[in-house]
Amino acid sequence: MPQRHVPSAALALTFLLLLAAPAGAQEDTPFLKQLHEGTAATSLTAAELAALSGDPFFDLVLEPGGRVDSLEEVERRLAPPGSGIKEELFVVHERIVSPRPGARRAVIAFKGRHPSGHMLTRNVMLSVFFDSERFAERSVEAWGWDNHRGRYNYYRLDRSGTPDRRLSWKFRGSSEGADLLQPEDRSGTCLACHVNGAPIMKELLIPWNNWHSFRFLAGYLSPSAPDERRWPIASHPRMGFLTGAEVLETDHLLDAIRHFNARRVNDVLEREDDRRAIRVDAEGFARVLEGRRTLKPLFVTTEVNLISADQLSGLDAFPPAGDTSPSSTPIRVPNSFFLNAGLIGGRERGQLQILTANEFSGAAVLDPALYRELVREHDLQLSGVRGDAHFAWFVPEASHIDNDLVSRLLREGVVSARFVAAALAVDLRQPIFSGARASLWERFVPETFRFRPLAPTDDPLERDLALVDLPGDALIPSVIAAIEETEPADGTPEALFLERLRSDDPLRALEADVDAYLAEIRSEKQADERSFAARLFQDLLERRRAMLRDPVLSTLDESRGGLLPLPPPLPTPAGVPTEGHRGREEGGER
Amino acid sequence: MFAYTDPTASSRLAASEALQFWRQVVRGEEVTSARRPGSAYTLLDAFDGVPEDSITTSPVTWLAFPKSANATFEDIDADRLLQDEYVEWHATRDGDGRLERVVFSCEFRWWWGVLAAVSAEALADGIRDLHPEADPSVEDLFGPGFDPAAATPTRRFFAFLDHLRSNPWNNGSPDLLCLEQPNNSLRALFKLVEDCGVHLPEIPPSSVCGEVACVPERNSDPFVCNAVQGLAADGRVLSFRDPVGIRILELGGIWKLDGEEIDVNDPDAEHGVWKVGRNGRRAVFTVRDGLTFDDDPILTGAQIAQRLRVGVDVVHTAQDLVPGWARTGMESSRIIT
């Protein structure tokens, strides 16, 4: 297998010297550092440059120097002619269904191994805006995955930060410690949206509302569309790489999140001195060194994804071309609206496999006419225009990155199914933004604890040490002791959490909760469908508002009112203002 | 009649004198679909004479994992009826329950049925192409009490199909031959394209799947339907590229052997983890010590299917480039036979 190219510090120093070359030398595009929007860009130190080597984007585009001052040149560096590297271009925008000319964001990914030896698949991605006529060739955002250091590095090409507005590349920060940042520290950085530091695709799952995909084909971008429907940009060679969002999800983002989370978990485990093997003591236990950080995604909504029903709303605020007759297809409310279906109803190893969690959508089927009536009645708007998203029931859900992390913790034995089931039983019906679960994390999760690593073939749902066999500094005894100290009152979240941790079978207890919840949903709908729909709709609006009130996640609405259909006035985030993040029209990766 | 080729790209059908049977089977499906009033589907014959640069081949791909199966990965592995994305697999485990090998197949059962139609020996020869030491009995292939020598080709064809789910060569001894789930059939594939090839202008293309013989909850159906409906809306005529059928395309994900990332799709790689054969109709995954998938051990075939991309190729062109009888609206033409 080709060796990965890892340039030496000497080469990095050479690059610095090139940067300082006197006038008359080759005019390279400078590479600087700018961690916050609107601040002056500064030079990188030799150590900072050396710390970027190994990141394929740095190694292939920035480190060699030269005049890399356009998207085209970046593409040439990453996918040189004859290299066999495959380029894929994905398109997203809140108004994507409308054929009216306007801005769109292109996310560009690559597949294959570069002649240098770098694997580009999942390891490099670009983001650039375009409109009906042209691409913004000189305003490019990028990230690269440094597999050696286990971090994403973020970059941008633009004219900000230099006194003469000279075009320059900027290092915009890395994913190290991203999850630990306070809201005010994120403002004006890439980490305002990349909350945990990993790539994001807000509308990660089908039907990928706001994306060009097989569920919505942006015909005006197709070279074979009739002239009167086609944008001029459709003839650009780059549009030959146009690919559906379904591929971005399955071939890029899911893998990127998985290997990022794998590193996150590995990095918080106590290791032997040689920093390779996980340290296992004489009793067969390993130790988590940053317990609160590691378990936060189980209790706190660190990120969200945006899901919708698979059915069209029929009330697009920005309608597509052609017939816009209302759909008669019943609206199936997504499972994840009701509970954390991804984790509770997940079917693979490391998920709780309570399959009834996947039946809510079949129970909550709404009359599309009733749905549209509710949309109108509540005067939903997007960017001040009355209407709904393209797909109905567009709503935040528990994020894949949070669920994937918990799933990994389960597979490795860091947490047990007992613990996860007990936690998820608290505020079960509030899959995200649960203050009750968040308070449990705040008050009771220890900073460090021991755990018995799970063998790869052990079933996390079966292998569960009896409470009496757990040492005092294991997670569950620690948490039980901490809760008991507070003498929780009946009916409180901590009382329920404690009861479930102590119970014989928290997993079956959670399953019973889910069954009862599902039965209630069915009864409620059967009793009075209209009231049922109205009640759910209120919950839908409140879920959207909660996201816009969140001091961190509100930033995801880059268009400020164009993402989540709501009646005016829009809620504002509590706490730190989110100034400095560039809006949708200018930049910012999704 | 178009000379449909063997989808496995083997010489088995020709050697067994079954190729003509196969061509009749495919022709029958093509004619049925081409005769559907208003459908953009047409016979492959219609593309003769169309300039090559006016014919577009569009791959329609999807993931092999049965999205609509509300079951655990282990249960999906154990029950072929849950595997409904035109791909099925058989997982072989050692005595300790560890996964050793997973064999995936996209072969239609009618392909094997035409071998059966020829003779029991032709069918056995087909099995020996996969398992050289195989010695299938008549009872294995047709069920108890059936005399293939005394039966007509049609009776042998149907006896084989009727017994398929109990045929050990298709069910774990040692792996599988072909698709047995009722919805994973050649007819179902043609029916899907036939229905979705009727342009429904009052419905957005992405919603057509819920209105015709298409299951929106699957991975496969919506992709195929959407693509075909879009072509119909653009005024194209279409057909399946020959040889018709589903192909195994690519295994995604991050695969590592002893911690080093490998290109699992490289056919020349020494690791031998993933071998695709029979023109993409069959693939064998071999689990090796030290092999991980997304840093996890490989425990089920369903886990692999989550990242296995399969697909079918659709050829299409402008209406005015094909003969009049092949255009949408001319389905009653006597030429379509």
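1. In what order do the seven strands of the open sheet in chain A stand? The order is 1-7-6-5-4-3-2, and the pairing is mixed. Strands here are DSSP runs (E, at least two residues) and helices are DSSP runs (H or I, at least four residues), both numbered from the N terminus. Two strands count as paired if DSSP finds at least two bridges between them.

2. A word on the basis. This is a predicted model: local features need pLDDT of at least 70, side-chain atom pairs count only at pLDDT 80 or more, and totals for chains, interfaces and linings use all residues. Residues are numbered from 1 along each chain as its sequence is written, chains are lettered from A and ligands numbered from 1 in the order written, and side-chain values use heavy atoms, without hydrogens and water.

3. Axes are lines fitted to C-alpha atoms, for helices over the stretch in contact; angles run from 0 to 180 degrees between N-to-C directions.

4. One strand pair in detail. Strand 2 and strand 3 (residues 104-111) of chain A run antiparallel and are joined by seven bridges. Glu88(A) has Ala109(A) in strand 3 as its bridge partner.

5. Helices on the sheet. Helix 4 (residues 71-78) of chain A lies across strand 2, strand 3, strand 4 (124-130), strand 5 (135-146) and strand 7 (168-174). Helix 4 runs at about 160 degrees to strand 4 of chain A. Helix 6 (residues 245-267) of chain A touches strands including strand 2 and strand 6 (151-158). The direction of helix 6 makes about 100 degrees with that of strand 2. Contact means heavy atoms within 4.5 Å.

6. Disulfides. There are two over all chains, a disulfide being a pair of cysteine sulfur atoms within 2.5 Å. Cys196(B) and Cys225(B) form one, with sulfur atoms 2.0 Å apart. The torsion about their S-S bond is about -100 degrees, so this disulfide is left-handed. Cys196(B) sits in helix 8 (residues 186-196) and Cys225(B) in helix 9 (residues 220-233) of chain B, 29 residues apart. Cys209(B) and Cys214(B) form another, S to S 1.9 Å. Their link is left-handed, with -85 degrees about the S-S bond. In sequence order, the bonded cysteines of chain B pair 1-4, 2-3.

7. Cys190(A) is in no disulfide; its nearest cysteine sulfur, that of Cys193(A), is 8.7 Å away. Cys193(A) is in no disulfide either. Cys190(A) is buried at a relative accessible area of 14%, and Cys193(A) is buried at 4%. Buried means under 20% relative accessible area, exposed over 50%, partly exposed in between (1.4 Å probe, protein chains only).

8. The interface. Chain A gives 33 residues to the contact and chain B 35 residues. The buried area is about 3000 Å², with 47% from carbon and sulfur atoms. This is the accessible area (1.4 Å probe) that two parts lose on being put together, summed over both. In chain A, Phe214(A), Arg347(A) and Glu348(A) lose the most area to chain B, together 21% of what that side buries.

9. Charges across the interface. Eight salt bridges are counted between chain A and chain B. A salt bridge needs a side-chain nitrogen of Lys or Arg within 4 Å of a carboxyl oxygen of Asp or Glu. Arg229(A) forms a salt bridge with Asp234(B), the closest N and O atoms being 3.5 Å apart.
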